[in-house]
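Subject: Structure for your review

Dear colleague,

Please find below the structure that I am handing over to you. My findings follow it, and I would ask you to read them with the structure open.

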Amino acid sequence: MTQDTPSVPASPERRAIRSFVKRTGRTTAGQTKALDELGPRFLLPYQPDTLDFAAAFPDTTRATGQNGIKPAPLVLEIGFGMGEATAHIAALLPDTHFLCCEVHDPGVGALLKRIGEQDLRNIRICAHDAVEVIDHMLPEQCLDGVHIFFPDPWHKARHNKRRLIQGPLVAKLAARLKVGGYIHCATDWQEYAEQMLEVLGAEPLLKNTASQAHPELQGYAPKPHYRPLTKFENRGLKLGHGVWDLVFERV
Ligand SMILES: C[S@@+](CC[C@H](N)C(=O)[O-])C[C@H]1O[C@@H](n2cnc3c(N)ncnc32)[C@H](O)[C@@H]1O
């Protein structure tokens, strides 16, 4: 996925530093059709109010616990790109709800198209900055998991400040996870992986699941079974690039 050079904001002191630039990309006819036909059902509008979870996911199955019906687990995904991994995981875990944020319009259309093709019911998409969604729509301890796969590495030193995985965002995510919930990040950019390890490791509400189970991986986790190898990742692996998964648990 290409990364454009961010334009200079008109009023830098009043604008938060964002982890994305809105890329112009062609939306295909299939994606447009999916946006028109499936958007009304699967898109959640951004609103600066706490999300009504039952209204957002009315028609999916609910897991049955020992004490009867209980709400399905909720996973937040930030930056799903074209939605390849998202659709795969949602099909694998039909009893889990996925709240998925992406700002790239063709990607939103692409995931809606997959939802239609695979008849997925457990995904809702918020086509908005995930940071604002977290700040305004998600209360404390509402999430069972967070997925952040291959976030933009912003590899030039002067752009590093745009990286998503930084202390303040990790603290917000940790506060919104239920105890026992997890945050799973993956990257193919070694220096960002090292930053993730440091930042996640410094958050007092999180514990690294890999430290004891896999000391030989030096803090990184084996790829969890549910995360598929995407085309993009496979191409990198064939070229000899590394991939690092990090899985931390809310304590
Ligand atoms: C490098 S792509 C990776 C996409 C996908 N996860 C994958 O593994 O192929 C990162 C994506 O994150 C999205 N993104 C970055 N910051 C975001 C934010 N604050 N809210 C929502 N999406 C964001 C970008 O638009 C981009 O599509």
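E77 touches T86, F98, C100, C101 and H147, leaving out residues up to four places away in sequence. Please note that the model is a predicted one. E77 belongs to strand β3, which covers residues 74-78. Is E77 buried or exposed? A residue counts as buried when 20 or more other C-beta atoms lie within 10 Å of its own. E77 has 26 such atoms within 10 Å, and therefore it is buried.

T86 has 27 other C-beta atoms within 10 Å, so T86 is buried. Apart from residues within four places in sequence, T86 is in contact with E77, F80, F98, C100, L111 and I123. By contrast, R41 is 45 residues from T86 along the chain, and the C-alpha atoms of the two are separated by 17 Å. In helix α3 (residues 84-92), the buried residues are E84, A85, T86, A87, I89 and A90. Among the elements that cover these buried residues are β3, β4, α4, β5 (123-126) and β6.

E102 is found in the loop between β4 (97-101) and α4 (105-118). Because 25 C-beta neighbours lie inside 10 Å, E102 counts as buried. Its contacts, leaving aside neighbours within four places in sequence, are G79, F80, G107, V108, I125 and A127.

The unreviewed UniProt entry also places the feature "binding site" at K156, D188, T230, K231, F232 and E233. Why do these positions not all gather at one spot? They span 78 residues in sequence, and the farthest two C-alpha atoms are 24.7 Å apart, so they do not all come together at one spot. Two of these positions may be described further. K156 sits in the loop between β6 (143-149) and α6 (167-176). K156 counts as exposed because it has 10 C-beta neighbours inside 10 Å, and the limit for an exposed residue is 12 or fewer. D188 is in the loop between β7 (177-187) and α7 (190-202). With 17 other C-beta atoms within 10 Å, D188 is therefore partly exposed. Not counting residues up to four places away in sequence, D188 touches F150, E233, G236, H241, G242 and V243.

I turn next to the ligand. There are 23 residues around the ligand, and F20, G79, G81, A130 and F150 come nearest. The shell consists of 14 nonpolar, six polar and three charged residues.

Finally, there is a pair of helices to consider. How do the axes of helix α1 (residues 29-42) and α4 cross? They come within 8 Å and cross at roughly 75°. Angles of 65 to 115 degrees count as roughly perpendicular, so α1 is roughly perpendicular to α4. The residues of the contact of α1 with α4 divide into nine nonpolar, six polar and one charged. On the α1 side, the contact is made by G30, Q31, T32, A34, L35, L38, G39 and F42. On the α4 side, they meet P106, V108, G109, A110, L112, K113, I115 and G116.

Yours sincerely,
A colleague

Methods:
Residues are numbered from 1 along each chain as its sequence is written. This is a predicted model: local features need pLDDT of at least 70, side-chain atom pairs count only at pLDDT 80 or more; totals for chains, interfaces and linings use all residues. Helices (H or I, at least four residues) and strands (E, at least two) are DSSP runs, numbered from the N terminus. Two residues are in contact if their C-beta atoms, placed from the backbone, lie within 7 Å. UniProt positions are given in the numbering used here, feature names are shortened, and annotations may be inferred rather than shown by experiment. Axes are lines fitted to C-alpha atoms, for helices over the stretch in contact, and angles run from 0 to 180 degrees between N-to-C directions. Angles under 35 degrees count as roughly parallel, over 145 as roughly antiparallel, 65 to 115 as roughly perpendicular and the rest as oblique. Ala, Val, Leu, Ile, Met, Phe, Trp, Tyr, Cys and Pro count as nonpolar, Asp, Glu, Lys and Arg as charged, and the others, Gly among them, as polar. A residue is near a molecule or strand if its C-beta atom, placed from the backbone, lies within 6 Å of it.
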